[in-house]
Amino acid sequence: MRYRGALLADVFKACHVPRMAWRPIRKPLPTGRQATTLPYTNLKNEKSRMRHYRRVLAIAGSDSGGGAGIQADIKTISACGCYAMTAITAVTVQNTVGVRAVHDVPADIVAGQIEAVMEDIGADAVKIGMLKSTETVRCVCRALGTFGVGNIVVDPVMVSTSGHRLMDEDAIEAVMTVLVPMSRIITPNIPEAEMIMNGGTIDSPEDMDDAARDMAGRTGVSVLLKGGHLDDTTLVDVFYDNERKEIRHLSAPRIPTRNTHGTGCTLSSALASMLAKGMPLGDAVEAAKRYNNGAITAGADYETGHGHGPVKQNY
């Protein structure tokens, strides 16, 4: 049997390739002291010159329709130029029309995801969305408490866009008394704020001011109260900055579209991303609001499914 190299030589000869062009060149491997001069000796210096992502951990439920939840979080965080990591708290069976079922991920698995990410990669900010049960809320708090993350954004997801309840009744109290005090800011919409306030009603921008102050006073954290559920032609969100003890009104024209699925997830993930980049809280809120408005505008004319379509995070 002829060697493979001999066959290759015959091919080169038939093609009139000069012998020196196909003769293999063999260099001796480094030995002894010479072997220590490989490029890996500068690995430490190379590592010091490596770039680093701004890291955001999203703790939320999965939306099989892709419009909200962890799917919207990943799209948003990535579009905002940060590195997205996840801890999935629940698997929902849903589409643009509604939620058909919810399966809780066991609390120890949720905590395990958080610990695995934080021990290895770390996070500059954390966005927390759907936490269905009290057990999950407490487990998340214990896991996060170990690592001392400062920029925690809590979006208290209680009811889906289609009206499906996504949080157990007793879990609301756990969120407000255990989780929210660990956070920097919460981002409820009007129905969620009314549930937090145990039945109080919010019917006007003035009511929103009072509610934002009330929630900040109860929790000791800043509040971004979203006004999309009011019927005014101008959409006004109320931001109470508990760090400066001041209130701001963030207004934008209402966009005529039914594609509003995932707006809350998108806003809170954008806010976490801006905080991860080191923005002051007030600037981060305004930047996240601008980004969210842009995502709604960009997705307004798309038709996705037969219900409330998603916004367009990658505009």
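Colleague: What makes strand 8 and strand 9 a hairpin, and which residue in the turn has a positive phi?

Modeller: In this predicted model, strand 8 and strand 9 form a hairpin with 4 residues between them. The turn residue with a positive phi, of about 60 degrees, is K245.

Colleague: How do you know that strand 8 and strand 9 pair?

Modeller: Pairing requires at least two bridges between the strands. Strand 8 and strand 9 (residues 246-253) have 8 bridges, in the antiparallel sense, so they count as paired. One of the partners is S251 in strand 9, which is bridged to V236.

Colleague: What joins strand 7 to strand 8?

Modeller: Strand 7 (residues 222-225) is joined to strand 8 by 3 bridges, and the two run antiparallel. The cut-off is at least two bridges, so strand 7 and strand 8 also count as paired. L225 stands opposite V238 in strand 8.

Colleague: Why is N151 called buried?

Modeller: The relative accessibility of N151 is 14%. The cut-off for buried is under 20%, so N151 counts as buried. N151 lies in the loop between helix 6 (134-145) and strand 5 (152-154).

Colleague: What does N151 touch?

Modeller: Leaving out residues up to four places away in sequence, N151 touches D124, A125, V126, R184 and L275. With D124, a polar atom of the N151 side chain lies 3.3 Å from the backbone oxygen. The limit for a polar contact is 3.5 Å, so this distance falls within the limit.

Colleague: Why is P191 called partly exposed?

Modeller: P191 has 30% relative accessibility. Partly exposed lies between the limits for buried, under 20%, and exposed, over 50%, so P191 counts as partly exposed. P191 is placed in helix 8 (residues 190-196). Its C-alpha atom is separated by 8.6 Å from that of T201, 10 residues apart along the chain.

Colleague: Is Y83 buried, exposed or partly exposed, and which patch does Y83 belong to?

Modeller: Y83, in strand 2 (residues 83-94), has 34% relative accessibility and therefore counts as partly exposed. A patch takes residues with over 30% relative accessible area, so the value for Y83 passes that cut-off. Y83 forms a nonpolar patch on the surface with Y53 and I121, and together they have about 310 Å² of accessible area.

Conventions:
Residues are numbered from 1 along each chain as its sequence is written. This is a predicted model: local features need pLDDT of at least 70, side-chain atom pairs count only at pLDDT 80 or more; totals for chains, interfaces and linings use all residues. Side-chain values use heavy atoms; hydrogens and water are left out. Buried means under 20% relative accessible area, exposed over 50%, partly exposed in between (1.4 Å probe, protein chains only). A polar contact is a pair of N or O atoms within 3.5 Å; within protein, one must be able to donate a hydrogen and the other to accept it, and residues adjacent in sequence count only if both atoms are side-chain atoms. Contact means heavy atoms within 4.5 Å. Patches are made of residues with over 30% relative accessible area and no salt bridge: like charges are joined within 9 Å, nonpolar side chains (Val, Leu, Ile, Met, Phe, Trp, Tyr) within 5 Å. Accessible areas come from the Shrake-Rupley method with a 1.4 Å probe; for residues, only the protein chains shown count as cover. A salt bridge is a side-chain nitrogen of Lys or Arg within 4 Å of a carboxyl oxygen of Asp or Glu.
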